[in-house]
Amino acid sequence: MSRIELKHIDKFYSSNHVLHDINLTIEDGDFVTLLGPSGCGKTTTLRVISGLEKPQNGIMTIDGVEMINADDAYYAEPSKRGLNLVFQSYALWPHMTVHDNIAFGLKIQKMPKAEIEERVNNSLKMMRIEKFVDRYPTELSGGQQQRVAIARAVASSPKLLLLDEPLSNLDAKLRIDMRAELQRLHRELGTTIIYVTHDQVEALTMSTKIALFKEGYLNQVATPMELYNNPIDLEAADFIGNPRINLLDATGEIVNGDLVVNSELGQHIFSAKDLTDEEYPTSGKFDCVIAFRPEQIEIHTEPVEGGIPASIYASQPAGSETITTLKVGEGDFLAKELGQISYKLDQNVFAVIDQNKVNVYNKTTTRLIKRAI
């Protein structure tokens, strides 16, 4: 078991407040990604969990056992926390073979030789690097070295595995391969994994839960699909998704409990059951923002029911998909279609937007007021 709870964690570097009242629960067996731009606090949070950093306030428990209690000035050493940490830089011993790198920590624990060999062999097979067992790190590619680093971490059967941007030094193809390996590793081991990255694709493809950070605050904790479909505020919406989400200014009003929104795209009526508990004006008009993903738009060259008249501002075939910029009135937005589709510049078309997938945000507070369904 490895359930982690962070309660009211604050971390300062001198007068710089880098973590603000962090409250996060990670359930046993979760693959939780700490996601956000550089400097948002995700790596500092990982270092607090690992024991490499001591917070000034707060409590952390693993399986109900206190590892941090800042009020009592109690901090369990990293070796007492039952975890292993994989760094971005691999951190392999250059003078040791792959076998010896993996076995090193097990020898420190004074395990029997037979058990060490069994664990080394199992981790080699798990990461598919058996044929490199007698090689040195300098004889391996970056992806192979990263597999060795992960094999070393899992060989001791940690109840908690921490990974700090382990794929950022790899090329695009290797990152895809390693994401698949990490997913498979999580399923096979059932270990709780905490993963730090600024790459939203890594977070969305591998995680069971994502913790999104913003300027030292924990902004949203959700499943990948919930985070993608219903970002909690405009900044989260703009951060998640590639190509970027479309954001259009609009005016909202509550009429008979429903949300009526008017914009360059016309009028939209959203049912009261799809509105959030976030505060927003219930009388009179207010400024809001409509948000929708490029893949939620269909482009038709002939008039169609629900179609919004638009024109082609730009069209960018990208091999497996086509990214098109559509112009409606003074506004523009992106559409993404699968396949290679050819449009003429300024061609008149009709855009159909999936109303169920539209988000609406209060422009004043930036918070989500209408969820996608």
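Strands are DSSP runs of E of at least two residues, numbered from the N terminus, and two strands pair if DSSP finds at least two bridges between them. The model is predicted: local features need pLDDT of at least 70 and side-chain atom pairs pLDDT 80 or more, while totals for chains, interfaces and linings use all residues. Residues are numbered from 1 along each chain as its sequence is written, and side-chain values use heavy atoms, without hydrogens and water.

- Strand 15 (residues 286-292) and strand 21 (residues 359-362) run antiparallel and are joined by 4 bridges.
- A291 has N359 of strand 21 as its bridge partner.

**Domains**
- The protein is divided into domain 1 (4-235) and domain 2 (239-370), with bounds from an automatic or database domain assignment.
- In contact (heavy atoms within 4.5 Å) are 17 residues of domain 1 and 13 residues of domain 2.
- The two domains bury about 1400 Å² between them, 56% of it on carbon and sulfur atoms; buried area is the accessible area (1.4 Å probe) that two parts lose on being put together, summed over both.
- Q200, Y228 and L234 supply 44% of the area that domain 1 buries against domain 2, more than any other three residues.

**Cysteines**
- The whole structure has 0 disulfides, a disulfide being a pair of cysteine sulfur atoms within 2.5 Å.
- C40 is buried at 2% relative accessibility, and C288 is buried at 0%; buried means under 20% relative accessible area, exposed over 50%, and partly exposed in between (1.4 Å probe, protein chains only).
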